[in-house]
Amino acid sequence: MTIRARLAATVVANIAITVALFATLSIVALDRALRSSFHARLETTAQAIAATVDYHDGKIEADQSDLRKLANIRGTPFAVYDVSGRHVAGDEPPAPAQQHGLGFARVPMYRGGVVGSVVVWQSNLWIGDFDRDAAIVSLLVGLLLIGFGVVLSRRVVATALAPLQRIASLAEQIEGRDLSRRLHADGTDEVGRLCASFDRMLDRLQAAFDRERRFVADASHEFRAPLAVLHAETELALRRERDPGAYRAALRSIARETARLEELVEELLAAARTEVDALLQQTLDAADLARHVGERVAPAAAVRGIAVEIEAISPAPAQANRATVERALLAIVHNAIAFARESGCVRLRVDRSSDAVSIEVADDGPGFTAAGLEHATERFWRGDSARPRGGT
C-alpha cells in the first residue's frame with residue numbers, strides 16, 4: 001500500500017472512530033437522560049395522586065372522579081393500594097406477561113405513617129424508538145462525514161505529498177552527467193525543508209562532480225604532455241641508428257618525462273590520501289612545522305630573490321595529521337612564492353589562542369580575485385587558466 005493510501009486510510013479510520021464514539025456516547029447519554037426524566041415524571045404523577053387520596057378512620061377514601069381527572073390530565077394509568085397491598089382504587093395493574101415495555105413508579109402514602117402506596121405505569125417503548133432513530137441518523141451522518149473525509153483526505157494527502165512525488169520524479173530523471181535540475185520549493189513546513197535539503201544535496205553533488213570533471217580534465221592534460229614526449233622520443237630513437245650521444249639525450253628526455261609522470265602520480269595519490277590521513281591525528285608543534293616548511297621552500301624562494309620569514313613562538317601544540325598539514329602548507333607557500341613580487345617577502349606566522357592554533361601565510365603579490373576567494377579552498381580548483389600550470 002502506498003503512503004498516500006495509508007495516510008488517507010488513517011484519516012478515514014480516525015474520522016470513523018471519532019464519529020462512532022461520539023454517536024455511541026451521545027445516544028447512551030440521551031437514553032439515560034430520557035429514562036431518568038421518564039421515571040421522574042412517573043414519580044411526580046404518583047405523588048400527585050397520593051396527595052389527592054384521603055385517609056379517614058384507618059381507611060383510604062379516594063374520590064374516583066378527581067383521581068381519574070388527574071390521571072387523564074397526565075395520561076398515566078394508576079393503582080392505589082392500602083397498607084396490606086389490597087387494590088382499593090384506580091386501574092387494574094397489567095399482568096406480568098403484559099408488563100414488557102412498561103415503566104413503573106411506586107410511591108408510599110404518608111398520613112402520620114405509611115398507609116398505602118400508589119403505582120403508576122406508562123409505556124417506555126418510545127425511548128427505544130428514539131434510540132433507534134438516533135442511531136440511524138448518526139449512521140447516516142457518519143457515512144456522510146466519512147465520505148467527506150475520504151475526498152478531503154485524498155486532496156490534502158495529494159497536496160502534502162506532491163513535493164515528495166516531485167523529489168522521486170526528479171531523482172529518477174537525474175543522471176550523473178546532469179545535476180542542474182532543482183525542486184525550488186519555497187515552503188517553510190517539513191516538506192518544504194526536505195525539498196530545500198534535497199536541492200542543497202544536489203548542489204553539493206553537482207559541485208563535487210564538477211570538481212572531479214575538472215580534475216580528470218586537468219590530470220588528462222598533465223599526463224598527455226609527458227606521454228607525448230615519451231612517445232616521440234622513443235619513435236625517433238628507434239627510427240634509425242644514432243650515435244651514443246643522441247641516445248643518451250633521448251634517454252635523459254625520457255627520464256625527465258618519466259620523473260614528471262611519477263611526480264603527477266604521487267600528487268594524485270597524496271590528494272586521494274588526504275581525507276584518510278587527516279583522520280590519523282597526533283600532537284605536533286605548529287611552530288616547528290612552519291620552520292620546517294620554510295627550510296624546504298628556501299631554495300625555490302632564493303631563485304626569485306624572495307625572503308621567507310617565520311614568526312612563531314614555540315611551543316604551539318596542536319592535534320592534527322602532520323603530513324597532511326605539511327602538504328597543505330607547502331602548496332600554499334609555493335603558490336605565494338610563485339606569485340609574490342620579485343625580491344619580495346613571504347611570511348609564515350603561527351598564532352596560538354586558548355583553544356586553537358592558526359598558521360598564516362602572507363605574500364606581497366596580487367592576491368586572489370574576488371571570484372577566486374569563493375573557490376580557493378576547493379580541491380583541484382585552478383585560478384587564471386592563462387597562468388603557468390603545475391600541481392593539483
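Modeller: Leu348 touches Ala290, Val293, Val308, Glu309, Ile310, Glu311, Val333, Glu360 and Val361, leaving aside residues up to four places away in sequence. Contact here means heavy atoms within 4.5 Å. This is a predicted model, in which local features need pLDDT of at least 70, side-chain atom pairs count only at pLDDT 80 or more, and totals for chains, interfaces and linings use all residues. Residues are numbered from 1 along each chain as its sequence is written, and side-chain values use heavy atoms, with hydrogens and water left out.

Leu348 belongs to the largest nonpolar core, which has 20 residues. Such a core is a set of buried Ala, Val, Leu, Ile, Met, Phe, Trp, Tyr and Cys residues joined through side-chain atoms within 4.5 Å. Buried means under 20% relative accessible area, exposed over 50%, and partly exposed in between (1.4 Å probe, protein chains only). Val293, Ile306, Val333, Ile337, Val346 and Leu348 have the most contacts inside this core. Two or more residues each come from helix 6 (286-303), helix 7 (322-339) and strand 10 (345-352). Helices (H or I, at least four residues) and strands (E, at least two) are DSSP runs, numbered from the N terminus. Helix 6 gives the largest share, seven residues. A second, separate core has 17 residues, among them Phe38, Leu42, Ile60 and Val107.

Phe38 leads on to the aromatic pairs. The structure holds two. Rings of Phe, Tyr and Trp (its six-membered ring) pair if their centres lie within 6.5 Å; planes under 30 degrees apart count as stacked, over 60 as edge-to-face and the rest as tilted. Phe38 and Trp126 are edge-to-face, because their ring centres are 6.4 Å apart and their planes stand at 70 degrees. This pair links distant parts of the chain: Phe38 sits in helix 1 (residues 3-52) and Trp126 in helix 3, 88 residues apart. Phe38 is buried, at 5% relative accessibility. Trp126 is partly exposed, at 36%.

Phe104 and Trp121 make a tilted pair, 6.1 Å centre to centre with 35 degrees between the planes. Phe104 lies in strand 5 (residues 102-110) and Trp121 in strand 6 (residues 114-123), so the pair ties together parts 17 residues apart in sequence. Phe104 is partly exposed, with a relative accessible area of 29%. Trp121 is buried, at 6% relative accessibility.
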